[in-house]
Amino acid sequence: MIEISRFGYYWLDTWVMANVIQLATQDFCLRYLNHSNDPGGRQYDQMTQAARSAPANIAEGSSRHSTSKETEMKLTDVARATLSELGNDYLNWLLRQKSIPWSVNDAEYKTVNSIQLDRPDYKDDVLHQCSIHILKQKEKFDAWLNGDDSITAANCLLILCHRLVLMLNRQMERQLQQFREAGGFTEGLTAERLAHRTQQSITNDAPTCPICGKPMIKRVAKKGINSGKEFWSCSRYPECTGTRRIT
């Protein structure tokens, strides 16, 4: 069985949608880019790499959730940025065809934008079942993606890119809120180290703080005339600034 704590991104709608966009972008580039409109193949490389970057960075960021929330947010932001880049490529394609994106008031826009993803329902064979799930979600948009009209496909993918950017915005807001409430990996290590040092001080009969009465721990002065020397500091620092000399 695949470990959920390591592969939790399989359950993220953002990761599923990013895979839908990657598959559709690969199809789009194979179908519509050629030696005439992309003689060096550079547009193909840029679009497929941008499409690949989105699910890859969402997956990597989610995998760092328990060790570094800061890294998780940075990688999620990279995914968001590459999707914006990819969306601009589809906009550019439309403009090159002397076309403009569908208005938000157009029926086609409303229909595509209203399609909701199904919630994942994986059991034990997660990798197998999540692959089936991704393909089923892509099928919801195939009426616009698999035709012979590049303008329709580009409009659909432009909507999906913008939609996923908004989904990632909400995901990053949740990540930031979790970081504010619980801190990140570095903050967790600091709290663990401080708790251990406080317990050691209690065990070793350290003095109590002259201000608040809490146990004190040994610290080393980093500046001033006592730089490099040990002193007793309140375990509640910086909330309490009580100190004592070590005699």
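In the predicted model, helix 1, formed by residues 13–32, packs against helix 5, formed by residues 126–139. On the side of helix 1, the contact comprises Trp15, Val16, Asn19, Val20, Leu23, Ala24 and Asp27. These residues meet Cys130, His133, Ile134, Leu135, Gln137 and Lys138 of helix 5. Classified by residue type, the contact between helix 1 and helix 5 contains 8 nonpolar, 3 polar and 2 charged residues.

Helix 3 spans residues 69–96 and thus contains 28 residues. The distance from the first C-alpha of helix 3 to the last is 41 Å, close to the 40 Å expected at 1.5 Å a residue. Lysine 98, which follows helix 3, has a positive phi, near 60°.

The model also contains an open sheet of 3 strands, arranged in the order 1-2-3 with antiparallel pairing. Strand 1 (216–220) and strand 3 (243–244) are the edge strands, each pairing on one side only. Strand 2, comprising residues 230–234, runs antiparallel to strand 3 and is joined to strand 3 by 2 bridges. Across this pair of strands, tryptophan 232 stands opposite arginine 244 of strand 3. In general, the strands of a sheet pair through backbone hydrogen bonds, in either a parallel or an antiparallel manner.

Technical notes
Residues numbered from 1 in each chain as written. Predicted model: local features only at pLDDT ≥ 70, side-chain atom pairs only at ≥ 80, totals over all residues. Heavy atoms only, no water. Axes fitted to C-alpha atoms, helices over the stretch in contact; angles between N-to-C directions. Helix = DSSP H or I, 4+ residues; strand = E, 2+ residues; numbered from the N terminus. Contact = heavy atoms within 4.5 Å. Nonpolar A, V, L, I, M, F, W, Y, C, P; charged D, E, K, R; others polar. Expected span 1.5 Å × (residues − 1). Pairing = 2+ DSSP bridges.
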